[in-house]
Amino acid sequence: MNADGRTRLHQTPEWAALAKHREQLGQVRLRELFAADPGRGTGWTLRAGDLHVDYSKHLVTDETLRLLRELAAATDVFGLRDAMFRGERINITEDRAVLHTALRAPRDAVIEVDGENVVPKVHAVLDKMAGFADRVRGGAWTGHTGKRIKNVVNVGIGGSDLGPAMAYEALRAFTDRSLTVRFVSNVDGADLHEAVRDLDPAETLFVIASKTFTTIETVTNATSARTWLLDALGDDAAVARHFVALSTNAEKVADFGIDTANMFEFWDWVGGRYSFDSAIGLSLMIAIGPDRFREMLDGFRIVDEHFRTAPAESNVPLLLGLLGVWYGDFLGAQSHAVLPYSHYLSKFTAYLQQLDMESNGKSVDREGNAVHWQTGPVVWGTPGTNGQHAYYQLIHQGTKLIPADFIGFARPVDELDDGLKAQHDLLMANFFAQTQALAFGKTPDEVRAEGVPEELVPHKTFRGDHPTTTILAAELTPSVLGQLVALYEHKVFVQGAIWNIDSFDQWGVELGKVLAKRVEPALTEGADVPGLDPSTAALVAAYRELRGR
Ligand code: F6P
């Protein structure tokens, strides 16, 4: 029993019903499910905004989905959803509201936190960002020497990097190609070095992105970037024209030496991994322009509204969340692959890794009790078709159950020339062929019928029954990107709600940060660090020797 009197998840009748159902189902064969229901291919599809979602190739029956929806009802997923949209403090361990949805609310919406409508503040920052982005893009905002800004370097890590970096790649075709936009995150000095080595400091704007403005990687890289700039321009006053900050922490921004007039604000109710549609998206907005950025926000809003209003039977984030619970908790899947068939989505899965794994990588419930059920999966994947020639072998014929999302588009981006556009059908032929092969495989008899010698039949047999979701949209536009991201945000939300975990804190990353600060003097000065375990102490000694200290 939980503190609030709720039965713990694994002791609910809905959980027990699913466990029993799983036993009764036994080995699910997709060939059989499709044979039994000829309408499955066309009927098992849903729409969220412009996203066409096919879930027919899943190891589930109508009964499975009904039982999963009952679990969602019993765990009051929609109740928590409504509390989130209302601005209640559902991030309990940090006592914060979770309101990334307010970042894309229309101007006339009213969303209150502690009795204050936050929507006007959101739009004031968006307008300020748009004004600044237009000045940079139009050449009105110049560097200290009067030169036009041609390079934008975003310095940030985690949510202050992955979102804007992913979206910049995704929307390359919509960017101002005369601007060079780069993203620096790693505290490895090589990252900043490679980002700036061929840039002219007089033409370079640094966008320092950090919610807290205390993150060691970002503060270190920002300090090095300032040194690089001042070494070239030789005047401290240059910082004001070449550095802007995106943060919730005006005090730390001012301490760093950035004029708070050049700071774009956001708020503690925006989680880092949910933040690229806030001020954290400034580099992206400079690249694609304010209008495209707003189109992206409109896309987020379309799926927010879908999640908020669609009934359980046709609610796509709910469905995807429930399928993940089915595979992770009842079929033993440990990971989830996200496989976009778009080169422009090359950073999409890396972005989702933080969104999903930092949110749902938890092992205590909201009351602090150890969970007795699986929580978030390992999320991984890279764009097709590259992965097909690398790790798809394991998905097809390995021993692990790996549910996968295939994301594809009907049209290539407009900018490609006709010859390259023609390649798109080949890309998508692979896309469809893979989900078919994964689902239906190839039986030994089919292999034999091809004249394969008997001793090779087991090697050439594909079991099939590898579950996939297919997400198809007409084209990768700013709006569609916003829709996709919101879809995954809400999917992650659904799973956290069912597992009764706090999807909005990230205490797990704190320990490493604290220890790194403690270990550093051991590396630099050979200081005796109390509490260093014998293995780490020996490694530090080896490092110092190799480093020549
Ligand atoms: O890695 C932990 C984390 O706190 C993330 O949640 C966050 O996105 C990242 O660090 C960066 O934090 P900040 O934006 O405060 O620099």
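Because the model is predicted, local features need pLDDT of at least 70 and side-chain atom pairs count only at pLDDT 80 or more, while totals for chains, interfaces and linings use all residues, and side-chain values use heavy atoms, with hydrogens and water left out.

**Confidence**

Colour the protein chain by pLDDT, the predictor's confidence in each residue on a scale from 0 to 100; the chain has a mean of 96, and 99% of its residues reach 70 or more. For the complex, the predictor gives an ipTM of 0.97 and a pTM of 0.97.

**The nonpolar cores**

A nonpolar core here is a set of buried Ala, Val, Leu, Ile, Met, Phe, Trp, Tyr and Cys residues joined through side-chain atoms within 4.5 Å, where buried means under 20% relative accessible area, exposed means over 50%, and partly exposed lies in between (1.4 Å probe, protein chains only).

In soluble globular proteins, nonpolar side chains tend to be buried together.

**Two threonines**

Move to T93, in the loop between α5 (77-86) and β3 (112-113). Is T93 buried or partly exposed? With a relative accessible area of 41%, T93 counts as partly exposed. Beyond its neighbours within four places in sequence, T93 is in contact with D502, D505 and W507, and its side chain makes polar contacts with the side chain of D505 at 2.6 Å and with the side chain of W507 at 2.9 Å. A polar contact is a pair of N or O atoms within 3.5 Å; within protein, one must be able to donate a hydrogen and the other to accept it, and residues adjacent in sequence count only if both atoms are side-chain atoms.

For another threonine, select T218 in helix α9 (residues 216-233), which is buried, with a relative accessible area of 2%. Apart from neighbours within four places in sequence, T218 is in contact with V155, G156, I157, I208, A209 and S210.

**Salt bridges**

The structure holds 34 salt bridges, each a side-chain nitrogen of Lys or Arg within 4 Å of a carboxyl oxygen of Asp or Glu. Start with E415 and R177, whose closest N and O atoms are 2.7 Å apart. This pair links distant parts of the chain, 238 residues apart, with E415 in the loop between β12 (404-409) and α17 (418-440) and R177 in the loop between α7 (162-170) and β6 (180-184). E415 is partly exposed at 44%, and R177 is partly exposed at 45%.

Now select R301 and D298, a salt bridge whose closest N and O atoms are 3.0 Å apart. Both lie in helix α13 (residues 290-309), 3 residues apart, about one turn of the helix. An α-helix has 3.6 residues a turn, so residues three or four places apart point the same way.

The next pair is R411 and E475, with closest N and O atoms 3.2 Å apart. R411 sits in the loop between β12 and α17, and E475 in the loop between β13 (468-473) and α20, 64 residues apart. R411 counts as partly exposed at 47% relative accessibility, whereas E475 is buried at 16%. Finally, select R104, D277, D304 and E489 together, which salt bridges that share partners join into one network.

**Helix α22**

End at residues 534-546, the 13 residues of helix α22, which should span 18 Å at 1.5 Å a residue and whose end C-alpha atoms are 18 Å apart, in agreement; the expected span is 1.5 Å times one less than the number of residues. At the start of α22, a side-chain oxygen of D533 reaches to within 3.0 Å of the backbone nitrogen of S535. Just after α22, G548 takes a positive phi of about 80°.

How values were computed:
Residues numbered from 1 in each chain as written. Helix = DSSP H or I, 4+ residues; strand = E, 2+ residues; numbered from the N terminus. Contact = heavy atoms within 4.5 Å.
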